[in-house]
Amino acid sequence: EILLAISQNTFHAFQIPRLSSYCGRNIRHGGWWPDYVLRLFKRNKGRFTEDVVHETIQVSGTIAQLSTPILHEAFVDPDEVLAKINHYSALGATKLYAKGKTANLGTAIFKGFWTFLRCYFLQLAILDGPEGLMLAISNAEGTYYKYLKLRQLHKPGSHQ
């Protein structure tokens, strides 16, 4: 599919659906599928952003979508989930802090709870079985800790 797409020389970049696995199960709900990511582009037409969390590619030109998914092993086991929650929540808090955002304990609790409800029920992670529940909980934890860490960054004497 990639060879055919680039041989036509019609587009400058391509978004590819990403099928991610969570602790051994491919996740098709919870906002994780089809999760199009821009991963193929002409060098002179794209550049990476400077974001500290989940940098993206900005393209000058036309973008098409491919249909064959990239298989992405997002999280192998609960230990990796916890490590990434800690890492990404710190980066996310730093990004929000740099934008002048603030948070309190209530914000952290509300945002974490809302993240769980949105992922598990509204985005139907409930249909992905036990791993869908685990995903919704870990997403909620990541959000909760991001805002808790943002709160901490605003305390006198905190280190950024």
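## Terms and model

Buried means under 20% relative accessible area, exposed means over 50%, and partly exposed lies in between (1.4 Å probe, protein chains only). By that scale Tyr-145 is partly exposed, because its relative accessible area is 36%.

The model is predicted: local features need pLDDT of at least 70, side-chain atom pairs count only at pLDDT 80 or more, and totals for chains, interfaces and linings use all residues. Residues are numbered from 1 along each chain as its sequence is written, and side-chain values use heavy atoms, leaving out hydrogens and water.

## Nonpolar cores

A nonpolar core is a set of buried Ala, Val, Leu, Ile, Met, Phe, Trp, Tyr and Cys residues joined through side-chain atoms within 4.5 Å. The largest one here has 15 residues. Tyr-22, Trp-32, Phe-75, Val-81 and Leu-135 touch the most other members. Strand S7 (70-75) and helices H2 (78-98), H3 (105-122) and H4 (129-153) each supply at least two residues of this core. Helices (H or I, at least four residues) and strands (E, at least two) are DSSP runs, numbered from the N terminus. Another core, of seven residues, lies apart from the largest one; among its members are Ala-93, Ala-103, Ala-108 and Leu-150.

Contact means heavy atoms within 4.5 Å. Leaving aside neighbours within four places in sequence, Phe-75 is in contact with Ser-21, Tyr-22, Cys-23, Gly-24, Trp-32, Glu-80, Val-81 and Lys-84.

## Helix H2

H2 has 21 residues. Its expected span (1.5 Å times one less than its number of residues) is 30 Å, and its end C-alpha atoms are 30 Å apart, which agrees.

Val-81, Ile-85, Ser-89, Gly-92, Ala-93 and Leu-96 are buried in H2. They sit on the same side of H2, because they cover an arc of only 100° around the axis. The arc is that of the directions from the helix axis to the C-beta atoms. An α-helix has 3.6 residues a turn, so residues three or four places apart point the same way. Strand S1 (13-22), S7 and H4 are among the elements that cover the buried residues of H2. The face turned away from the buried side carries exposed Asp-79 and Ala-98.

Asp-77 caps the N-terminal end of H2, with a side-chain oxygen 3.1 Å from the backbone nitrogen of Asp-79. Just after H2, Gly-100 takes a positive phi of about 85°.

## Aromatic pairs

Rings of Phe, Tyr and Trp (its six-membered ring) pair if their centres lie within 6.5 Å; planes under 30 degrees apart count as stacked, over 60 as edge-to-face and the rest as tilted. The count comes to nine aromatic pairs. Phe-116 and Phe-121 are edge-to-face, 6.2 Å centre to centre with 85° between the planes. Phe-116 counts as buried at 18% relative accessibility, while Phe-121 counts as partly exposed at 43%. Tyr-144 and Tyr-145 are also edge-to-face, at 5.0 Å and 70°. Tyr-144 counts as partly exposed at 25%. Tyr-22, Trp-32 and Phe-75 form one aromatic cluster.

Thr-143 is in helix H4. This residue is buried, because its relative accessible area is 14%. Beyond four places in sequence, Thr-143 touches Lys-111, Gly-112 and Thr-115. A polar contact of 3.2 Å joins the side chains of Thr-143 and Thr-115. Such a contact is a pair of N or O atoms within 3.5 Å; within protein, one must be able to donate a hydrogen and the other to accept it, and residues adjacent in sequence count only if both atoms are side-chain atoms.

Ser-60 is in the loop between strand S5 (57-59) and strand S6 (63-65). Not counting residues up to four places away in sequence, Ser-60 touches His-12 and Lys-45. The C-alpha atoms of Ser-60 and Lys-111 are separated by 35 Å, with the two residues 51 residues apart along the chain.
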